[in-house]
Amino acid sequence: MTKKLMLNLGCGKVKIPDSNEEHWINVDILDAPSVDLKKNLWVLPWYNWKDNSVSGIVMSHIVEHIPHDLFRWNLRPSLPWEKWRKHLLELDGFFAVFEECYRILKPNGTIWISGTYHSIYQCGYALQSNGYHILNDIFWFMLKAAPNLR
């Protein structure tokens, strides 16, 4: 049985282990024991993953760090400028990052996002503009706690 490919983007010190059904790749720019793939996620596109190849993505407390000016991260001659020009020059970095997530997700793939309250509306607008359907918005108030996603 082939395991579902799952990404934990911006994993930091939190490593999600493989399960019987899922193979997790924990990605971060940091060099830490929890990181399977060291990668700058602001450099687009993500050549590590093909179109429609990922079953699920977790982005826990990374969306509030997406740079608004992704243009400066992507000054490379290999960049397909026509596709990315709109996002990198006119729109916010949220649009470009979520479009890249949409590209690599399978048609019925899922993305779980948790973050701080100050970026939730910008995040939701960018997701819906990229064709995502938001199933749930969950708000909680707990001191120094994160949601249990499993």
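**The paired strands and their surroundings**

A: Six bridges join β1 to β2, and the two strands run parallel. Strands here are DSSP runs (E, at least two residues), as helices are (H or I, at least four), and both are numbered from the N terminus. Two strands pair if DSSP finds at least two bridges between them.

This is a predicted model: local features need pLDDT of at least 70, side-chain atom pairs count only at pLDDT 80 or more, and totals for chains, interfaces and linings use all residues. Residues are numbered from 1 along each chain as its sequence is written, and side-chain values use heavy atoms, with hydrogens and water left out.

Start with β2, residues 22-28. Its residue E22 stands opposite K4. Six of the seven residues in β2 are buried. Buried means under 20% relative accessible area, exposed means over 50%, and partly exposed lies in between (1.4 Å probe, protein chains only). β2 also pairs with β3, residues 37-38, in the parallel sense over two bridges. There, D28 stands opposite K38.

Now return to β1, residues 4-9, which is joined to β4 by four bridges, again parallel. L7 has I57 as its bridge partner in β4. Strand β4 covers residues 54-60, and six of its seven residues are buried. It pairs with β5, residues 105-114, over six parallel bridges. S60 stands opposite S114 in β5.

Next comes helix α2, residues 93-104, which holds R103. R103 counts as buried because its relative accessibility is 17%. Its side chain makes a polar contact of 2.6 Å with the side chain of D51. It makes another with the side chain of E100, also 2.6 Å. A polar contact is a pair of N or O atoms within 3.5 Å; within protein, one must be able to donate a hydrogen and the other to accept it, and residues adjacent in sequence count only if both atoms are side-chain atoms.

Aromatic rings come last. Rings of Phe, Tyr and Trp (its six-membered ring) pair if their centres lie within 6.5 Å; planes under 30 degrees apart count as stacked, over 60 as edge-to-face and the rest as tilted. The count comes to five aromatic pairs. W46 and W49 have ring centres 6.2 Å apart and planes at 85 degrees, so they are edge-to-face. F98 and Y132 are edge-to-face too, at 6.5 Å and 75 degrees. F98 lies in α2 and Y132 in the segment after α3 (120-129), so their pair ties together parts 34 residues apart in sequence. Both F98 and Y132 are buried. Together, F94, F98, Y102 and Y132 form one aromatic cluster.
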